[in-house]
Amino acid sequence: MLHVVRWCIGLFVICFALAVQAEDFEAVKRAAEQGDAQAQFNLGVKYNSGQGVERNDVEAAKWHHKAAEQGQVDAQFILGTLYAVGLGVAKDDAEAVKWSQKAAEQGHATAQYNLGFRYAHGRGVARDDAEAAKWYRMAAEQGNVNAQYNIGRMCAIGLGVAKDDAEAAKWYRMAAEQGHLSAQYNLGEMYAEGRGVKRDDSEAMEWFRKAAEQEHPDAQGALDALKKNQSLKSRFLGWLRGLFRSAK
């Protein structure tokens with residue numbers, strides 16, 4: 001399990017690592033030790049990724065903590081993640097919430113999504129669907145694809161927000177256009193049923209097809225059923241046209 005966690009943390013820090021890789025380790029360390037918040041964060045990244053020093057999760061967490069205490073938003077986000085999984089620090093949901101919220105309040109989209117997830121599932125906080133929806137929406141407005149899907153789902157069923165199919169379709173479309181598998185399938189369903197959007201079998205088939213290409217378990221069946229219904233409808237209309245012609 002820990003190797004999976006390390007891989008996920010690696011995804012979080014890789015963009016930061018690329019930005020700081022040219023910086024000399026000793027120079028960064030000196031600046032960090034003098035209290036420079038950005039240098040402290042960069043030093044944490046170097047310990048996270050093993051750049052110029054042996055990888056050390058405890059040292060990484062220590063420097064992220066120092067930077068986070070000075071308000072460095074990326075350090076707050078990373079520190080929240082480290083506490084969530086217990087990497088370099090003892091696992092602590094309360095600390096994870098604390099640092100995620102600090103980053104979220106500074107506008108960090110992924111931290112906002114993480115905080116929404118915590119409220120949605122009661123992780124380190126009392127479950128609160130309205131709070132979950134609030135943070136998901138903030139992250140969604142910044143383009144976070146998982147937040148877009150989740151706020152869409154909440155709008156579709158009226159969880160934490162008023163039920164609103166049009167709003168659900170809007171967020172599903174945003175997520176679907178970014179390749180989100182379930183959003184593509186759900187948007188297809190909305191077009192097939194005319195919920196929140198005008199019924200449009202062609203649009204429904206297009207989104208079912210995209211979801212099927214990503215191996216959504218229900219998408220191919222939905223696509224095949226829609227094609228069959230269109231074929232039957234076409235044959236029926238052809239029969240009616242023939243009937244009218246023969247009656248003239």
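**Aromatic contacts in close-up**

**View 1. Y185 and F208, a buried pair.** Y185 and F208 are both buried (under 20% relative accessible area, with exposed over 50% and partly exposed in between; 1.4 Å probe, protein chains only). The model is predicted: local features need pLDDT of at least 70, side-chain atom pairs count only at pLDDT 80 or more, and totals for chains, interfaces and linings use all residues. Residues are numbered from 1 along each chain as its sequence is written, and side-chain values use heavy atoms, with hydrogens and water left out. The ring centres of Y185 and F208 lie 5.4 Å apart with planes at 45°, so the pair is tilted (centres of Phe, Tyr or six-membered Trp rings within 6.5 Å; under 30 degrees stacked, over 60 edge-to-face, the rest tilted). Because Y185 belongs to helix α11 (residues 181-193) and F208 to helix α12 (residues 201-213), the pair ties together parts 23 residues apart in sequence (helices are DSSP runs of H or I, at least four residues, numbered from the N terminus).

**View 2. The aromatic cluster of Y113, F117 and Y136.** Y113, F117 and Y136 form one aromatic cluster. By the pairing rule, the count comes to 5 aromatic pairs. Between Y113 and Y136 the ring centres are 5.6 Å apart and the planes stand at 35°, so this pair is tilted. Y113 in helix α7 (residues 109-121) and Y136 in helix α8 (residues 129-141) link distant parts of the chain, 23 residues apart. Both Y113 and Y136 are buried.

**View 3. Lysines over tryptophan rings.** The charged end of K66 sits over the ring of W63, 5.7 Å from its centre (NZ of Lys or CZ of Arg within 6 Å of the ring centre and within 35 degrees of the ring normal). K102 lies over the face of W99, 5.8 Å from the ring centre.

Conventions:
Helices (H or I, at least four residues) and strands (E, at least two) are DSSP runs, numbered from the N terminus.
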